[in-house]
Structures are given as C-alpha cells and as structure tokens.
Amino acid sequence: MAEDKVSAHVHSHEADEHTQSDYSVRAKALVSVLTKKNLVNPATMDAVVEFYETRVGPHIGAKLVARSWVDAEFRARLLADARAVARDEQLVGLDGTDLVAVENSPTVHNLVVCTLCSCYPWSVLGLPPTWYKDSGYRARAVIDPRGVLEEFGLALGDDVEVRVWDSTAEIRYLVIPERPPGTESLSLEELARLVTRDSMVGAEKLRAPSSPEAQR
Amino acid sequence: MNSVHDLGGMDGFRVPKRDTGFALREEWERLTWGMLLATFGTPGLPAGNRRFIESLPPARYLTMPYYARFLEARTKSFLDLGLVTQQELDNPDGPVTKPNLPGFTPRTPEQVVRFLRQEHSGQVNVAAPAAFAVGDEVVVKNDHPAGHTRVPRYVRGHRGVIQRAHGVHVFEDDVAPGTRVGPQHLYTVAFTGPELWGSRGHARDRLHVELWEIHLERAP
C-alpha cells in the first residue's frame with residue numbers, strides 16, 4: 001500500500017536494537033540484587049520461562065480447534081461458552097480464563113488485536129508473537145484489517161465480513177479457523193498438527209495438507 | 001490517557017512480518033519475564049504495569065523493545081518501594097542491605113506454576129441489574145481522562161450495538177482521587193467500519209471493543 005512507504009517508519013522491534021546490551025546489563029543487575037536480597041528465587045524465574053516455553057502454547061488451542069472440527073456438540077459448546085469449556089478441560093490460567101471463541105467461515109473472517117497493550121490468550125496460545133505486539137499491527141488492524149491481512153498473504157473478497165476483536169478488558173479471543181479441504185481421513189492428532197498459531201489469531205487461513213504452502 | 005500506546009487507527013506504521021518461534025528470544029527477555037512473574041505478589045508491588053508504561057515518553061514507548069517496558073516498570077516499582085536502591089543496581093556485585101519484609105519468602109517454583117494455572121477472571125460475583133441487553137444501540141461517551149482508561153480513542157463518541165454481555169467485571173480505569181467506581185457490567189460493543197473510519201471504513205467490517213457500563217449511553 002502506498003501509505004506504507006511515505007513516512008519515517010517506527011518499527012518497535014528494530015529501532016532499538018543497539019540498546020539490547022544495555023537492557024541485558026540492567027536485567028542482570030536487577031535480578032542479581034533481588035536474588036541477594038532474597039526477593040526472588042532464581043529457580044522460580046526458570047520455572048516461569050519453562051512453563052511458557054513448553055507447557056502452554058498453541059498446541060493447546062490447536063487441540064480445541066481440531067476437536068471443534070470433528071465434534072459438532074463440542075463446537076457448539078465452545079462457541080456458546082468457551083470459558084466453561086476451558087474450565088472443564090482445566091485450561092484456565094493467567095490471561096485466558098475469560099475465553100471467547102469465534103469461528104471463521106467462507107463468508108466471515110475474524111482477526112484479534114489489542115490496540116492498547118498486547119493482551120492475548122496465554123492459557124491456550126502461549127505468549128504472543130512479536131508481530132502481534134508490534135505497533136504497526138496494533139495501529140493498522142482496526143482501521144485497515146483487509147490491508148493488514150493482504151500483507152500477511154491473505155486477500156479477502158468484498159463479500160467476506162471481517163470481524164476485528166480488540167481485547168480491551170479481560171476477555172480473550174480464540175479464532176476457530178476453517179478446516180482445510182482434503183483432511184477427512186486425518187486423526188484428531190493429525191488435525192491438531194495442521195492448526196497454526198497465527199490461524200488462531202486470524203492472521204492466516206489453513207491450507208490443505210497436500211498443498212505446497214503447507215509443506216513448508 | 002491520550003498517549004501513543006492508544007495506537008488503533010494511526011497511520012505511518014509498517015505492518016510487521018510475521019515471525020515464528022518462542023516469544024522470549026534474548027536472555028535478558030527471559031530474565032525479565034521470569035522475574036516479573038516470580039516477584040508478582042511481593043508486598044506493596046503494584047499488580048499491573050500499564051500505568052507506568054502508558055506514561056513513558058511517546059518516542060521512548062515506540063522505540064523500546066517490548067520487554068524493556070516491563071523491565072523498566074518493575075525496576076521503578078522496586079525503587080519506589082525502597083526494596084532496592086539505585087546504588088545497588090549500579091554496583092550489583094557490591095554489598096546490599098536486607099529488605100525490611102519480616103517473614104517474606106519469595107515464591108517457589110511450585111507456587112508460581114499453581115498461580116499461572118489458577119483461574120484469573122475479570123468477572124466478579126456481584127448482583128447488579130444490567131442497563132443494556134444484546135442488540136441495544138449505544139453511544140460511547142466522549143471522554144478523555146488523564147488517567148488509565150480502557151476506552152480507545154477510536155471509539156469515543158461513536159455509535160455501536162451490544163454484541164455480547166459478560167456479566168459484572170472489575171472496573172479497570174483510573175478514577176478521580178477520593179471517588180470509587182465499583183465493578184461494572186462489561187459488554188462487547190460492535191461498530192461498523194464506516195461508523196469509526198468514515199470513507200476508509202469497509203461496509204462489511206465489524207470492529208468489537210469491550211466496554212464497561214459506565215462508558216456507555218443509550219443511543220438517542
């Protein structure tokens with residue numbers, strides 16, 4: 001888009017690269033002092049990172065999505081009250097307890113953003129990707145969601161309704177992407193493996209497993 | 001607060017390339033995130049960092065790495081509480097004074113995992129009649145508070161429809177000193193593209209924002 005190329009770009013992730021080492025010094029200093037004062041337990045810090053690196057992540061949301069593709073009753077429950085489903089499945093946690101699920105279809109596409117901050121359903125998708133926290137995404141997703149999706153590689157026709165969800169409170173959104181064609185014979189586990197993180201934010205559509213794009 | 005964190009609808013930004021992989025890339029990001037949640041619940045420490053982050057000078061806010069905002073916020077909180085001093089941070093290998101927190105022990109790994117797995121809902125069990133129902137037309141009050149608010153500028157003064165009712169939720173905005181606003185009914189409000197963006201809005205776009213009852217008026 002033409003408007004992308006005019007002004008001096010502010011790109012939060014790239015602009016400050018030269019001070020990464022300053023932040024490293026400051027983070028280490030704070031943690032060192034807190035540890036010596038017994039204000040933090042370093043093993044607890046490791047447990048936090050390990051929790052978000054291995055225990056919660058998009059694989060949890062993917063299981064919900066795959067199940068919603070094969071189990072109509074489950075899908076109806078998820079769409080009606082994802083919060084109750086998350087509680088039943090013991091998937092609640094920090095950021096994501098008040099969960100709402102929204103479904104994509106050939107005529108409706110959902111996109112999730114947090115314009116004020118970076119709110120994201122940690123309990124079912126893990127920590128948000130860098131692009132989701134980027135100022136450019138937060139600025140543009142609400143005024144030009146179709147343009148953003150096009151830059152992400154997804155062109156939508158004018159007949160498709162785009163629904164943008166700006167997470168300004170504690171409600172967290174999970175997008176149920178469309179089931180790709182050609183997946184009728186796959187098991188639940190195989191289906192879950194097809195579901196990408198970005199598809200559950202609405203940033204992409206899922207492709208059939210045999211397509212060249214899906215083989216990447 | 002009408003600061004730059006309220007980014008919705010601003011021009012001049014580039015759409016990022018989508019990245020893959022775990023969010024915490026640098027060692028200092030892992031330290032910051034681990035410290036942030038491992039120290040959550042320290043006596044006196046504010047639960048949130050958004051007020052501090054929104055008060056950062058706009059140019060700094062936009063150019064700082066994401067996790068640096070949290071590092072700076074939490075550092076400031078520890079300094080404000082007197083639990084650490086600038087001298088100690090400047091010379092982390094030097095002597096430290098023990099904090100005056102009798103009986104305090106930092107969270108254990110088991111405690112933090114339990115905390116991360118608990119229900120953290122904004123909803124509270126308060127009986128209050130709801131002013132609006134799904135389908136009602138509402139207008140967002142045009143207000144520009146100097147403190148923290150969850151009403152993005154791009155919806156203020158605009159007309160929308162109640163799309164979903166979430167029950168009573170903790171109110172997150174700052175209120176004037178000496179006043180108190182209790183928990184409020186929370187709603188998802190739907191707006192059309194043209195209602196918010198005029199000729200740049202697509203007629204088939206629907207934008208949804210969560211707003212509390214106090215932010216809304218019945219549409220005339």
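Predicted model: local features only at pLDDT ≥ 70, side-chain atom pairs only at ≥ 80, totals over all residues.

Me: What should helix 1 of chain B span, at 1.5 Å a residue?

Reply: Start from the general idea: an α-helix has 3.6 residues a turn, so residues three or four places apart point the same way. Helix 1 of chain B covers residues 27-38, and its twelve residues should span 16 Å. The C-alpha atoms at its ends are 16 Å apart, which agrees.

Me: Which residues of helix 1 of chain B are buried?

Reply: Among them are Trp28(B), Arg30(B), Trp33(B) and Met35(B). Ten of the twelve residues are buried, so the helix is largely enclosed by the rest of the structure. The cover includes helix 1 (20-36) and helix 2 (42-55) of chain A, and also helix 4 (66-80) and helix 6 (109-117) of chain B.

Me: How many residues does each chain bring to the contact?

Reply: Chain A gives 79 residues and chain B gives 79 residues. On the chain B side, helix 1 of chain B supplies the largest share, ten residues. By class, that side has 37 nonpolar, 20 polar and 22 charged residues.

Me: Which strand of chain B is joined to strand 3 of chain A, and do they run parallel or antiparallel?

Reply: Strand 3 (residues 161-166) of chain A is joined to strand 4 of chain B by five bridges, and the two run parallel. Val162(A) stands opposite Asp205(B).

Note on methods:
Residues numbered from 1 in each chain as written. Chains lettered and ligands numbered in written order. Helix = DSSP H or I, 4+ residues; strand = E, 2+ residues; numbered from the N terminus. Expected span 1.5 Å × (residues − 1). Buried ≥ 20, exposed ≤ 12 C-beta atoms within 10 Å, placed from the backbone. Contact = placed C-beta atoms within 7 Å. Nonpolar A, V, L, I, M, F, W, Y, C, P; charged D, E, K, R; others polar. Pairing = 2+ DSSP bridges.
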